Amino acid sequence: MGQVIEFATNHPLLVGGFVLVLGVLVFTEIMRRVRGVKELSPALAVSWINDPDAVVIDVSPVADFNRGHIVNARNLTPSRISSPDAEIMKLRDRKLLVVCKSGPTAVVAANNLRKLGAGNVAVLKGGMAQWRNDQFPVVTK
């Protein structure tokens, strides 16, 4: 224990940086859990997608969506979700898997869907980048 204290006193910037990074990681993890949006790995998302009541919502830009997306995914812009129309309001009662290029945009869209009253919303962890990396099927249309 004495060596740890000696190291900390000899390298205050290094220890301070470590404590700061550790604090940010803990804060990020707590906020992720508090948000209430489920994050599904691609493998877990497959069983979610295979449910007949599930809808995959891809909030990627149209160009990214056209380069490849999950089978039967619907491309909806985040702005369309934040000011919903009748089609989006009908989706509230279904299982919704929200997908984007890498994940953060999907979390925002999923939170907006929850605010609209959608009760069963999940986000694809790592987005389409992780989906492709895990070699799951992608379609272009």
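This is a predicted model: local features need pLDDT of at least 70, side-chain atom pairs count only at pLDDT 80 or more; totals for chains, interfaces and linings use all residues.
I began with β4, which is mostly covered: five of its five residues are buried (under 20% relative accessible area, with exposed over 50% and partly exposed in between, using a 1.4 Å probe and protein chains only). Strands here are DSSP runs of E of at least two residues, and helices are runs of H or I of at least four, numbered from the N terminus.

Residues are numbered from 1 along each chain as its sequence is written, and side-chain values use heavy atoms, with hydrogens and water left out.

**The sheet**

Next I traced the strand order, which is β1-β5-β4-β2-β3 in an open, parallel sheet of five strands. Two strands pair if DSSP finds at least two bridges between them. β1 (38-40) and β3 (74-75) stand at the edges with a single partner strand each, so one side of each lacks a neighbour in the sheet.

I then looked at the pairings of β4. β2 and β4 run parallel over five bridges, and three bridges join β4 to β5, also parallel. In β5, Val 121 is the bridge partner of Leu 96. From β4 the chain crosses through α7 to β5, and this β-α-β crossover is right-handed (with the strands pointing away from the viewer, the path from the first strand over the helix to the second runs clockwise).

Which way do the β4 residues point? Lys 95, Leu 97 and Val 99 point one way, Leu 96 and Val 98 the other, and all are buried.

I checked the nonpolar cores (sets of buried Ala, Val, Leu, Ile, Met, Phe, Trp, Tyr and Cys residues joined through side-chain atoms within 4.5 Å). The largest has 19 residues, and Leu 96 and Val 98 are among those with the most contacts inside it. Its largest share, five residues, comes from α7. Another core, of 14 residues, lies apart from it and includes Leu 97 and Leu 40.

Last, I visited Asp 58 in β2 (residues 54-58), which stands opposite Val 99 in β4. How far away is the nearest side chain of opposite charge? Arg 132 is 7.7 Å from Asp 58, which is buried yet has no salt bridge (a side-chain nitrogen of Lys or Arg within 4 Å of a carboxyl oxygen of Asp or Glu). For charge, Lys and Arg count as positive and Asp and Glu as negative; His and the chain ends are not counted.
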